[in-house]
Amino acid sequence: NAPRDQLLVLDPATGKQRWNATASDITARGARHANKIAAVDYDVQKESTTLKLFANDSSPLWQLAAVAAAFPAATRPTAISDDASTVAFAFNIGLTESLPRVVWTNGAGVEQGNWTGPPDAYVENVALSADGRYMAWVAGTVVHAMDTTTGTMMLADNAGFATSAFCFSPDGKWIGYGFEAIIVY
């Protein structure tokens with residue numbers, strides 16, 4: 001796949017470009033009820049990854065320092081709550097032995113917590129509940145769910161298979177995931 005070297009923001013009413021930001025290889029997710037976009041930019045040459053939060057133009061409101069030898073999760077490397085109060089970032093550190101990591105921040109970019117998993121349990125994606133209180137991610141074949149306000153791990157379920165399909169119910173009380181079967185907690 002060719003690198004995605006620009007973040008293009010379009011006006012939903014007209015389809016015309018509002019602004020763009022240059023990047024190395026960028027993946028983004030938008031907040032539903034806030035004019036904010038969380039983006040993960042992977043710099044292939046430097047082998048580092050940076051998390052950024054944009055609002056009205058191409059200058060980030062904030063960005064977390066680049067993480068060396070970090071490769072963004074393949075499926076969904078970033079998540080943002082509907083009101084942009086919580087942003088999460090999933091990545092893997094290392095080329096030969098992968099060390100999965102998930103970091104979450106408040107809307108101002110201040111780190112609120114992080115999780116590091118066992119070696120070679122490659123993290124695929126991360127999701128947040130609508131209000132940002134709950135976060136889920138998959139590392140290897142294990143689905144994790146955590147309360148971001150307390151740091152309490154609520155679920156660590158070995159699904160028996162890698163899954164990239166999962167989501168929260170609108171109220172954040174249920175999480176569904178699956179590959180060959182749908183499991184709801």
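The model is predicted, so local features need a pLDDT of at least 70 and side-chain atom pairs count only at pLDDT 80 or more, whereas totals for chains, interfaces and linings use all residues. Residues are numbered from 1 along each chain as its sequence is written, and side-chain values use heavy atoms, with hydrogens and water left out.

**Overall build**

- The protein chain has 19 strands and zero helices, where strands (E, at least two residues) and helices (H or I, at least four residues) are DSSP runs numbered from the N terminus.
- Its radius of gyration is 16 Å, close to the 16 Å that the globule rule gives for 185 residues, so the chain is as compact as a globular protein of that length; the radius is taken over C-alpha atoms, and the rule is 2.2 Å times the number of residues to the power 0.38.
- Along the principal axes, the C-alpha atoms of the protein chain fill a box of roughly 45 × 40 × 30 Å.
- Of the 185 residues, 47% are buried, a term that means under 20% relative accessible area, while exposed means over 50% and partly exposed lies in between (1.4 Å probe, protein chains only).
- Among contacts with a separation of 6 or more, 33% come from residues 24 or more positions apart, a contact being heavy atoms within 4.5 Å.

**A sheet of four strands**

- Strands S13, S14, S15 and S16 make an open sheet in the order S13-S14-S15-S16, with antiparallel pairing, and two strands pair if DSSP finds at least two bridges between them.
- Strand S13 (123-128) and strand S16 (153-158) stand at the edges with a single partner strand each, so one side of each has no neighbour in the sheet.
- Six bridges join S14 (residues 134-139) to S15 (residues 142-147), and in this pairing Tyr134 has Asp147 of S15 as its bridge partner.
- The hairpin of S14 and S15 has two residues between the strands, and Gly140 takes a positive phi near 65° there.
- S15 is also joined to S16, by five antiparallel bridges, and Val143 stands opposite Asp157 in S16.
- The hairpin of S15 and S16 has five residues between the strands, with Gly151 in the turn at a positive phi of about 80°.

**His144 within strand S15**

- Five of the six residues of S15 are buried, which leaves the strand mostly covered.
- His144 is found in S15 and counts as buried at 9% relative accessibility.

**An aromatic pair**

- Three aromatic pairs are found in the whole structure; rings of Phe, Tyr and Trp (its six-membered ring) pair if their centres lie within 6.5 Å, and planes under 30 degrees apart count as stacked, over 60 as edge-to-face and the rest as tilted.
- One of these pairs is tilted and is formed by Trp19 and Phe54, with 5.5 Å from centre to centre and 35° between the planes.
- Trp19 lies in strand S2 (residues 17-22) and Phe54 in strand S5 (residues 48-54), so the pair ties together parts that are 35 residues apart in sequence.
- Trp19 is buried at 9% relative accessibility, and Phe54 is buried at 2%.

**A loop residue**

- Most residues other than glycine have a negative phi.
- Ala84, although not a glycine, has a positive phi of about 65°.
- Ala84 sits in the loop between strand S9 (78-80) and strand S10 (86-93), and is buried with a relative accessible area of 4%.
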